[in-house]
Amino acid sequence: MQTAVSGFDVIVYGRSDGSIERAKAKMESYIPRYKEESNVDHDDEDVKKAYDENVTFSIDLEEAAKRADLIIEAIMEKQSVKEAFFKQLSEIDILEETIFATNTSSLRPSDFMEATGRPDRFLALHFQNEIWNHNVAEVMATSKTSDEVVKTVTQFAKDIEMYAVVMKIEQPGYVINTLFIPFLEVSLNLFGQGKAKPFDVDRAWMKATGTSHGPFASVDTAGFGTPAEVMQTRIDGNPSLTDEQRKGSEYVIRFLKDNISLGRAGKVAGEDFYHYKDTTPEFLTEDFLADTPDISVEDYGSKTGDEEKDKAIALYTTVASSIIYGGLELFVKDAADFEDIDRVWEIAFEVEFGPFKLLKQIGTDKVYDVLSHYFDSINNDPEKELHDNILKALKENNF
């Protein structure tokens, strides 16, 4: 829809009439939201006109793809499924200059670039949920992607009103999911391990940072499918997890999948952690924070002796550490500049701070103490080199 509203012709491919009808219904539901929520002024009639005139639908892949300048894949977050799709695409008579892109949330494009048949014209182009409001596009090339393709796709992202970030290396999760996935995981695992209720996690985060929503509201916005898939992939590939961590993650995955099967899969469905259908979600009500202890950003890692306040500080500290850790990982790997890292988070979550602004407000010494204590608790740390580099960066404080 964003591409169509920006004046480009769009062909939406689906494998069946049913998938096309679902796509039409979803896109049509976006029309009023452009006027209400977009970062750019839009009139309902203009958005509807763009949808009617610039968007067509097809269940014929060859017909949809044969005259495209850019093909963006956005299917199930499994490498084998994406490989099969691109192999099918590579066998169709498509223009030589057509660029292939994947919207993968957490995979490396190089892991399936050969399946495209044109690795020099293939890269990742990742968008946020509710793109009209969270207008970030992340461009990630492989070692075989041509510079011309990177330049073309980056310009395309800007042409559709995106804040475009070009990753310096292949970083699974780009900027946003390197920050967002740990943000969700630590919060979901606090719930899965029985350490905190969802509302309490969000309340602690909102109270300390002054933001309008917390991680569980973010899960609702993202929908349950991708978080469940990503968490499963991460626990399958992480043998260093403790039994408690693994059981907590498995509980959360079952919870998310069970709710998907029941039609309660987040904001789009109208409910799950919060209720949205014909009501104001709880986290936006005036009394949501009424009984939450008064804590601030600077309380990170501290203890006061007040049991309820210390519990809220601990929850906030855990969530804040996940975002700061993600930012520091990107920084020490030289995956992106810290200014871009902050800006992506600010746009995606409609806040006035990113991980480095948060780090500076808390103080590097406090963060060093909390993260070093956490790293020391990991037996046979499989990422010891990364963790040592993070602590070194905190000591040098060159942000």
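This note sets out numbered points on the sheets, helix contacts and selected residues of a predicted model.

1. Basis of the model. The model is predicted: local features need pLDDT of at least 70, side-chain atom pairs count only at pLDDT 80 or more, and totals for chains, interfaces and linings use all residues. Residues are numbered from 1 along each chain as its sequence is written, and side-chain values use heavy atoms, with hydrogens and water left out. Helices (H or I, at least four residues) and strands (E, at least two) are DSSP runs, numbered from the N terminus.

2. The open sheet. Five strands form an open sheet in the order S3-S4-S5-S6-S7, with mixed pairing; two strands pair if DSSP finds at least two bridges between them. Strand S3 (70-73) and strand S7 (163-166) are at the edges and have a single partner strand each, so one side of each is left without a neighbour in the sheet. From one strand to the next, the twist averages 25°. Within this sheet, strand S4 (residues 99-102) pairs with strand S5 (residues 122-127) in the parallel sense over 3 bridges. The bridge partner of Ala101 in S5 is Leu123.

3. Strands S1 and S2. Strand S1 (residues 10-13) and strand S2 (residues 55-58) run parallel and are joined by 4 bridges. Tyr13 has Ser58 as its bridge partner in S2. The covered face of S1 holds Val10 and Val12, whereas Ile11 and Tyr13 are on the uncovered one. In a regular strand the side chains alternate between the two faces of the sheet.

4. Helix H13 and its surroundings. Helix H13 (residues 338-349) lies across strand S6 (136-141) and S7, at about 140° to S7. Axes are lines fitted to C-alpha atoms, for helices over the stretch in contact, and angles run from 0 to 180 degrees between N-to-C directions. The axes of H13 and helix H7 (residues 176-192) come within 9 Å and cross at roughly 60°. H7 and H13 are therefore oblique to each other; angles under 35 degrees count as roughly parallel, over 145 as roughly antiparallel, 65 to 115 as roughly perpendicular and the rest as oblique. Ile176, Leu179, Phe180 and Phe183 of H7 make the contact with Ile341, Val344, Trp345, Ala348 and Phe349 of H13, where contact means heavy atoms within 4.5 Å. By class, this contact has 9 nonpolar, no polar and no charged residues. Ala, Val, Leu, Ile, Met, Phe, Trp, Tyr, Cys and Pro count as nonpolar, Asp, Glu, Lys and Arg as charged, and the others, Gly among them, as polar.

5. Helices H15 and H16. The axes of helix H15 (residues 364-376) and helix H16 (residues 384-396) come within 9 Å and cross at roughly 165°, which makes H15 roughly antiparallel to H16. Thr364, Val367, Tyr368, Leu371, Ser372 and Phe375 of H15 meet His387, Ile390, Leu391, Leu394 and Lys395 of H16. The contact of H15 with H16 has 7 nonpolar, 3 polar and 1 charged residues.

6. Leu359. This residue lies in helix H14 (residues 355-362). Leu359 counts as buried at 0% relative accessibility; buried means under 20% relative accessible area, exposed over 50%, partly exposed in between (1.4 Å probe, protein chains only). Leaving aside neighbours within four places in sequence, Leu359 is in contact with Ile324, Leu328, Thr364, Val367, Leu394 and Phe399.

7. Thr292. The loop between helix H11 (243-261) and helix H12 (307-332) contains Thr292. Thr292 is buried, with a relative accessible area of 11%. Apart from neighbours within four places in sequence, Thr292 is in contact with Arg203 and Lys207.
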